[in-house]
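Hi there,

Here is the structure I promised to pass on.

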Amino acid sequence: MKQRIIIATVGIAALFAFTNPDMPDYEQYLRKEIVQNSQNSDVVTQTVSTLFSGLASGLIVNFTTRTNFLLFSLYETNMAQNHYKVLGALDNFVVIQHK
């Protein structure tokens, strides 16, 4: 029974480590969020958002630091008066703080 628990724990830890997103993954996440947030806007805003989402996400990444905890990563973005903390794990991102 103990061996199964150890094997399961190691397997779960390996899954988290293997799916720990890196900075290009975070930039792709930002690009998708920018486009998705413009979906309820007018056509012009949607078009501009789609065209410039790559530029905007690249700019945001320049103000972001990643702390790699091996099983997950913490992304902190400080732009002007905006501060974001985003948790990255299992190839997903969750905003955990926004000021």
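Glu-27 and Arg-31 sit four residues apart in helix α2, so about one helical turn separates them. Their side chains meet in a salt bridge, with an N to O distance of 3.6 Å; the term stands for a side-chain nitrogen of Lys or Arg within 4 Å of a carboxyl oxygen of Asp or Glu. The structure holds one salt bridge. As a reminder, side chains of opposite charge can pair when their charged atoms come close. Glu-27 is partly exposed at 22% relative accessibility, and Arg-31 is partly exposed at 33%. In this email, buried means under 20% relative accessible area, exposed means over 50%, and partly exposed is in between (1.4 Å probe, protein chains only). Helices (H or I, at least four residues) and strands (E, at least two) are DSSP runs, numbered from the N terminus.

Before the rest, a word on where this comes from. This is a predicted model, in which local features need pLDDT of at least 70 and side-chain atom pairs count only at pLDDT 80 or more, while totals for chains, interfaces and linings use all residues. Residues are numbered from 1 along each chain as its sequence is written, and side-chain values use heavy atoms, with hydrogens and water left out.

Now to the core. The largest nonpolar core has seven residues: Tyr-26, Tyr-29, Leu-30, Val-61, Tyr-75, Val-86 and Phe-93. Helix α2 (residues 23-37) gives the most to this core, with three residues. Such a core is a set of buried Ala, Val, Leu, Ile, Met, Phe, Trp, Tyr and Cys residues joined through side-chain atoms within 4.5 Å. Leu-30, one of the core residues, is in contact with Ser-57, Ile-60 and Val-61, once its neighbours within four places in sequence are left aside. Contact here means heavy atoms within 4.5 Å.

Thr-64 lies in strand β1 and Thr-77 in strand β2. Thr-64 is buried, with a relative accessible area of 9%, and Thr-77 is buried too, at 2%. A polar contact of 2.6 Å joins their side chains; that means a pair of N or O atoms within 3.5 Å where, within protein, one must be able to donate a hydrogen and the other to accept it, and residues adjacent in sequence count only if both atoms are side-chain atoms. The side chain of Thr-64 also reaches the backbone oxygen of Ile-60, at 2.9 Å. Leaving out residues up to four places away in sequence, Thr-64 touches Met-23, Tyr-26, Tyr-75, Glu-76 and Thr-77.

Leu-71 is partly exposed, with a relative accessible area of 33%. Leaving aside neighbours within four places in sequence, Leu-71 is in contact with Ala-13, Phe-16, Ala-17 and Asn-20. Leu-71 and Gln-81 are ten residues apart in sequence and 30 Å apart in space, C-alpha to C-alpha.

Finally, some backbone angles to look at. Most residues other than glycine have a negative phi, and most peptide bonds are trans. Leu-70 has a positive phi of about 70 degrees although it is not a glycine. Leu-70 is placed in the loop between β1 and β2 and counts as exposed at 58% relative accessibility. Asp-91 is also not a glycine, yet has a positive phi of about 60 degrees. Asp-91 lies in the loop between β3 (82-89) and β4 (92-98), where it is partly exposed at 49%.

Best wishes
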